[in-house]
Amino acid sequence: MIIGSGVAGLNASMYLPKSMDTLVVSKDYAWECNTFFAQGGVAVASSKTDISLHVEDTLNAGDGHCNQDIVELMCIEGQNRIKDLMKFGFEFDKDSKGNLLYTKEAAHSTSRILHAGGDATGRELHLFLMKNLKFPILYNTQVVDILIKNNVCYGVEVFHDGKVFNIYAKKIVIASGGIGSLYEYHTNSRSISADLHGICYEHGIELRDMEMMQFHPTVFVKSRVVRKQLLSESLRGEGATIVDEDGNRFLFDYDKRGELSPRNVVSEALYEYHKKTNKDIYLDVSNFQENYFKKRFPTIYFNMKNSGFNLPKDKIPISPAFHYAIGGVKTDFNGKIDNIKDIYFIGEVASTGAHGANRLASNSLLEGLVFSQRAAKDIIKTISYNKKNRHFASSNEQLVKNGDKELKNELRNFMWQNAGIVRYKADLKKALNRVEEMLKLPIGKLIRLRLLTSRGIIKSALKREKSLGAHYIKGKN
Ligand SMILES: Cc1cc2nc3c(=O)[nH]c(=O)nc-3n(C[C@H](O)[C@H](O)[C@H](O)COP(=O)(O)OP(=O)(O)OC[C@H]3O[C@@H](n4cnc5c(N)ncnc54)[C@H](O)[C@@H]3O)c2cc1C
C-alpha cells in the first residue's frame with residue numbers, strides 16, 4: 001500500500017509489477033499534492049562531469065550537514081531516474097533541435113534544471129505518472145494512524161466517507177509529503193498538514209532536523225487563497241531582480257551574489273530589510289520579452305493575470321513564505337527506518353540526509369524519484385507473502401472537536417511569527433508553552449497531530465543554538 005499520490009508515491013508504483021496487488025491512498029483528489037504545483041523543475045547533472053559539481057553544490061547548500069554518501073548516490077542515480085522517466089515516455093522541454101533545455105537556479109553552479117510545460121514541471125510530471133498508474137487509487141482517504149505491533153507495520157487506520165477503518169498490507173510506503181499547513185503563509189497544497197509526522201511522534205519513530213524549514217523568498221502572499229502563489233526561482237535564475245518600492249536592488253548589501261544567493265539568504269535579507277525600512281518589496285520581471293515570458297512561465301503569467309497583474313510589465317509585491325520541510329522521518333538508503341519493519345518513508349516526509357541544513361533548489365523532485373525507486377526495489381526483494389495478518393481494534397478517538405478550527409488558525413499564526421524565517425529563543429519558548437497548553441485541552445486527534453509536529457519543530461529549533469543552513473536563530477534567551 002502506498003500512502004500519497006505525489007511524485008514519490010506514484011514513482012514508486014512505476015517500479016512495482018502489476019502482479020503486486022497495490023493500493024494507492026490519497027487524502028484529497030490525486031492532484032492535491034505539492035508535486036502538482038512544482039514549477040521550476042528537476043535538478044540533474046547535465047553530464048558525467050557535472051555530477052561532482054552537482055554534489056558540491058548540494059553539499060554547499062546543505063551547510064556541512066548533508067550525508068555525503070546519500071548526496072553522491074542521489075546525484076549519480078538521479079541521471080538514471082531521469083533516463084527512466086524519458087524511457088517511460090515523459091517529455092522534458094527541448095530546443096528546436098531536440099536537445100534538452102537545462103536552466104539555472106540559485107546556488108547551482110551550472111545550468112542543470114530540466115523542466116516541462118515551461119513552469120509546469122510538477123503538473124506535467126504528475127499527469128504523466130497518473131496516466132501510467134497501474135493500480136487502483138482510493139481518494140479522499142486520510143490516514144489517521146499506522147498499525148504497528150512488535151516493531152512490525154501491518155497497515156494504516158483511515159478516515160473515509162465518514163467512517164474510520166483499517167487497511168492492511170504486507171508492505172506500507174508512506175509518501176505523504178511535508179508540513180505546509182502548519183504555517184500561516186505557505187506555498188503548499190491544502191492536503192499537506194503534517195498528519196504522518198504527528199503519528200510518527202506518537203509512535204516514537206525518529207524524526208530529525210525538524211527545525212530545518214525552507215522559506216521561499218519570492219511568493220505573492222496578498223491573495224486570499226490559503227496556498228500562496230510561488231514565483232519560481234528560475235525567474236531570478238534568468239534575470240529577474242528584487243527591488244524595494246524605490247527601485248533599489250538592496251540584496252547586494254546582504255550577499256555579493258545578489259538575486260542568485262541561496263533561498264535562505266534571500267528570505268532572511270527580505271525579512272530583515274522590510275523590518276528595518278518598512279518598505280514594500282517587489283519582484284521585477286521586466287527583463288523578459290512578453291512572448292517569451294508567456295511561453296516560458298505560462299502558469300505564473302495566467303495566475304498573476306487573474307490577480308490583476310500585467311506581466312512582465314508590472315512589478316509583483318513579494319514576501320517569503322513557508323515552502324519545504326527539509327527535516328522529516330530519518331531513513332536509510334532505501335527509505336527504511338530503524339526498528340520497524342515493512343514500512344518505508346519516501347519523498348518530502350523523509351529525511352534521507354540529502355539536503356542537510358538547506359535544500360538546493362529543485363533537488364526535492366530528484367530525491368523523490370531516486371528514493372522511491374530504491375524503496376520499490378527493496379520491497380520486491382524482501383516482501384513476504386507469508387506474513388501473518390493481525391487484527392487491530394479501531395481507536396474510536398474523535399478526529400475533530402468544537403474549537404479545533406480556532407486553535408488551528410492560532411497555531412498557524414504563532415508558528416509563522418515565532419518559528420518562521422528568523423527565530424528568537426524567547427519567542428520559541430513562548431510558542432512551546434502555548435503548544436503544551438493546547439495539547440492539554442479537550443481537542444480532536446487531527447489538531448493533536450499538528451501540535452505534536454509543531455512541538456517537534458520548536459524543540460529542535462531550541463536545541464540548535466547556532467544558526468545553520470535554513471535555521472536562523474537570533475538572541476540569547
Ligand atoms: C509551489 C511549489 C513549487 C515547487 N517547485 C519545485 C521544483 O520546481 N522542483 C523541486 O524539486 N521541488 C519543488 N517543490 C517541492 C516538491 O514539489 C515537493 O517536495 C515534492 O513534490 C514532494 O513530493 P512528495 O511525493 O513527497 O509529496 P507530495 O507531492 O506533497 O504528495 C503528498 C501526498 O500525500 C497525501 N497525504 C498527505 N497526508 C496524508 C494523509 N494523512 N493520508 C493520506 N494521504 C496523505 C497527499 O494528499 C498527497 O497525495 C515545490 C513545492 C511547491 C509547494
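Sorted by class, the shell around the ligand holds 15 nonpolar, 24 polar and 5 charged residues. For that sorting, Ala, Val, Leu, Ile, Met, Phe, Trp, Tyr, Cys and Pro go down as nonpolar, Asp, Glu, Lys and Arg as charged, and the others, Gly among them, as polar. Before going on, keep in mind that this is a predicted model, where local features need pLDDT of at least 70, side-chain atom pairs count only at pLDDT 80 or more, and totals for chains, interfaces and linings use all residues. Residue numbers start from 1 along each chain as its sequence is written.

**Around the ligand**

Of the 44 residues around the ligand, the ones that come nearest are G4, G6, G40, G177 and G347. A residue is near a molecule here if its C-beta atom, placed from the backbone, lies within 6 Å of it. The elements giving two or more residues to this shell include helix 1 (7-14), helix 2 (34-37), helix 5 (121-131) and strand 7 (141-149). Helix 6 (195-203) and helix 11 (363-382) are also among them. Which helix gives the largest share of the shell? That is helix 11, with 4 residues. Helices (H or I, at least four residues) and strands (E, at least two) are DSSP runs, numbered from the N terminus.

**Two domains**

The domain assignment gives domain 1 (216-322) and domain 2 (404-474); such bounds come from an automatic or database domain assignment. Taken over C-alpha atoms, the centres of domain 1 and domain 2 are 28 Å apart. Their contact takes 5 residues from domain 1 and 5 residues from domain 2, where two residues are in contact if their C-beta atoms, placed from the backbone, lie within 7 Å. On the domain 1 side, helix 8 (residues 263-277) supplies the largest share, 4 residues. That side of domain 1 divides into 2 nonpolar, 2 polar and 1 charged.

**Helix pairs**

| Pair | Axes come within | Crossing angle |
|---|---|---|
| helix 12 (residues 404-418) and helix 13 (residues 425-439) | 10 Å | roughly 165° |
| helix 3 (residues 50-61) and helix 4 (residues 68-88) | 9 Å | roughly 135° |
| helix 6 and helix 14 (residues 445-463) | 8 Å | roughly 75° |

The axes are lines fitted to C-alpha atoms, for helices over the stretch in contact, and angles run from 0 to 180 degrees between N-to-C directions. Angles under 35 degrees count as roughly parallel, over 145 as roughly antiparallel, 65 to 115 as roughly perpendicular and the rest as oblique.

Helix 12 passes helix 13 in a left-handed crossing; left-handed means the near helix is turned anticlockwise from the far one by less than a right angle, and right-handed means clockwise. From helix 12, L407, F414 and N418 meet D427, L428, K430, A431, R434 and M438 in helix 13. By class, that contact has 5 nonpolar, 1 polar and 3 charged residues.

Helix 3 and helix 4 are oblique to each other, and their crossing is right-handed. Helix 3 brings I51, H54, V55, T58 and L59 to the contact, while helix 4 brings Q68, V71, E72, C75 and I76. Those residues divide into 6 nonpolar, 3 polar and 1 charged.

As for the last pair, crossing at roughly 75°, helix 6 is roughly perpendicular to helix 14. The contact takes D195, H197, G198, I199, Y201 and E202 from helix 6, and L446, R448, L449, R450, L452, T453 and G456 from helix 14.

Most residues other than glycine have a negative phi, and most peptide bonds are trans. L311 and P312 are joined by a cis peptide bond, with omega about 5°. P312 sits in the loop between helix 10 (298-306) and strand 16 (316-317). N150, a residue other than glycine, has a positive phi near 45°, and N150 lies in the loop between strand 7 and strand 8 (152-160).
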